[in-house]
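Have the model open as you read.

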Amino acid sequence: MDAVRALLGPKHVLISGIMQYSMLWGIIIGFTITAAISAATMKRSTCFHEKGPSAKCGVSGISYMLAFGALEILLSQFPNLEKVTFLSVIATLTSLAYALIALCLSITKFSIQHEAKGTIMVAMAGEGLATSTKIWRVFQALGNIAFSYTYSMLLLEIQDTLKSPPAENKAMKRVTLYAIGGTALFYTSLGCMGYAAFGADAPGNYLTGFYKPLWLVDIANLAVIIHLTVGYQVFAQTIFAINEKWLATRWQAPGSFFNKIYTVRFQCIQNYSFQLTPSRILLRTGFVVLTTLVAMLFPFFNAILGLLGSISFWPLTVYFPLNMYMVQAKIKRGNSKWIMFQVLSLLCLVVSLVSAVGSVADILEHLKHAQLFHIDL
């Protein structure tokens with residue numbers, strides 16, 4: 001938002017802020033859904049292992065979602081979690097672990113089948129599905145891909161932590177090339193191998209499609225839960241900060257109930273202590289409760305991610321960065337580079353629109369058969 005204010009002016013700040021914080025909240029909702037699905041998958045895998053693959057092992061994810069929300073309420077009361085580097089390290093390692101396991105399991109399943117179940121011909125994918133449904137799912141898939149671009153708004157935050165020399169922009173270009181190139185190659189391989197292994201029946205979360213070996217699948221799902229538990233706070237702390245700052249300006253009176261500071265001391269942990277305020281307790285608890293309720297209302301993994309990706313992709317990844325660059329580089333309206341950027345922006349806007357339509361269509365289809373506050377695997 002500060003970069004937008006500096007380069008595009010204050011009139012763009014409100015829009016960028018609404019989009020950015022809405023996206024952060026949407027990611028957290030997705031975290032809540034995914035963590036519950038992973039926990040329920042571990043329970044179901046154990047059931048299949050004990051009773052056999054033909055057993056009825058329906059598992060409800062609501063209880064796991066409530067447990068995840070309760071844990072996040074507790075963690076949310078600890079200040080400055082977004083500044084704890086160790087949390088980011090844990091999130092990175094666990095993310096790599098479950099993605100690598102999913103890739104290996106997909107390759108193994110594909111090699112056993114000796115044939116690819118997936119096809120690039122949309123009209124031939126998924127027997128018994130209407131052509132319109134297939135098209136909506138393709139559009140939704142574009143939203144799922146666009147969701148991966150949510151990292152873009154973190155690049156400025158990362159660059160802000162770099163020290164010079166070398167120049168921050170030069171170091172950032174090199175890091176971005178290597179990191180995004182490697183990540184794209186890895187996850188594209190995972191997506192392609194998963195589709196080859198499952199075809200049109202590929203689950204939104206590949207790990208829910210595997211039950212053997214039990215120990216390896218459980219490790220992957222546990223890594224997902226750990227990753228999302230710590231990642232939730234990294235994103236949520238930003239939302240907490242701006243809302244608590246706003247509350248502080250509204251209730252500035254000395255001794256105000258909302259701003260009164262209470263210190264909690266733990267003598268058994270080297271005199272460790274941390275401070276609490278009623279505003280923090282009420283605001284953060286209310287936020288986590290609201291997030292959990294929304295996640296329980298719309299527990300549609302792929303459709304939610306697709307909608308979030310489609311809504312945020314064009315404004316946060318394309319429109320604002322391109323316009324900021326054109327202002328900074330003093331690119332004049334009408335020259336070849338300006339035209340090229342406008343065409344690129346228009347194409348990305350079309351991707352956002354069609355992926356949003358596909359995701360909404362899928363959500364409406366799920367709502368026809370879904371029960372509120374009820375998640376079954």
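Q: How many of the 377 residues of the protein chain count as buried, in percent?
A: Buried residues make up 39% of the 377 in the chain. Do keep in mind that this is a predicted model.

Q: What makes Thr 32 buried or exposed?
A: Its relative accessible area is 0%. Buried means under 20%, so Thr 32 counts as buried. Thr 32 sits in helix H2, and its contacts beyond four places in sequence are Met 65, Phe 68, Tyr 232, Thr 291 and Ala 295.

Q: Why is Leu 367 called partly exposed?
A: The relative accessibility of Leu 367 is 36%. You will find Leu 367 in helix H11, residues 336-369.

Q: What makes Phe 298, Val 360, Leu 364 and Leu 367 a nonpolar patch on the surface?
A: Patch members need over 30% relative accessible area, no salt bridge, and nonpolar side chains joined within 5 Å. Together the four residues have about 310 Å² of accessible area.

Q: Which residues touch the most other members of the largest nonpolar core?
A: They are Met 23, Ile 27, Ile 28, Ile 33, Tyr 98, Tyr 232 and Phe 287, in a core of 51 residues. Helices H2, H3, H4, H7, H8, H9 and H10 each give two or more residues to this core. Apart from it lies another core, of eight residues, including Phe 313 and Met 326.

Q: How do you know that Ile 28 touches Tyr 232 and Phe 287?
A: Contact means heavy atoms within 4.5 Å, and both residues are listed as contacts of Ile 28. Also touching Ile 28 are Phe 235, Ala 236, Ile 239 and Thr 291, leaving aside residues up to four places away in sequence.

Q: How many helices and strands does the protein chain have?
A: The chain has eleven helices and two strands. From the N terminus on, the order is α-α-α-α-α-α-α-α-β-β-α-α-α.

Notes. Residues are numbered from 1 along each chain as its sequence is written. This is a predicted model: local features need pLDDT of at least 70, side-chain atom pairs count only at pLDDT 80 or more; totals for chains, interfaces and linings use all residues. Side-chain values use heavy atoms; hydrogens and water are left out. A nonpolar core is a set of buried Ala, Val, Leu, Ile, Met, Phe, Trp, Tyr and Cys residues joined through side-chain atoms within 4.5 Å. Buried means under 20% relative accessible area, exposed over 50%, partly exposed in between (1.4 Å probe, protein chains only). Helices (H or I, at least four residues) and strands (E, at least two) are DSSP runs, numbered from the N terminus. Patches are made of residues with over 30% relative accessible area and no salt bridge: like charges are joined within 9 Å, nonpolar side chains (Val, Leu, Ile, Met, Phe, Trp, Tyr) within 5 Å. Accessible areas come from the Shrake-Rupley method with a 1.4 Å probe; for residues, only the protein chains shown count as cover. A salt bridge is a side-chain nitrogen of Lys or Arg within 4 Å of a carboxyl oxygen of Asp or Glu.
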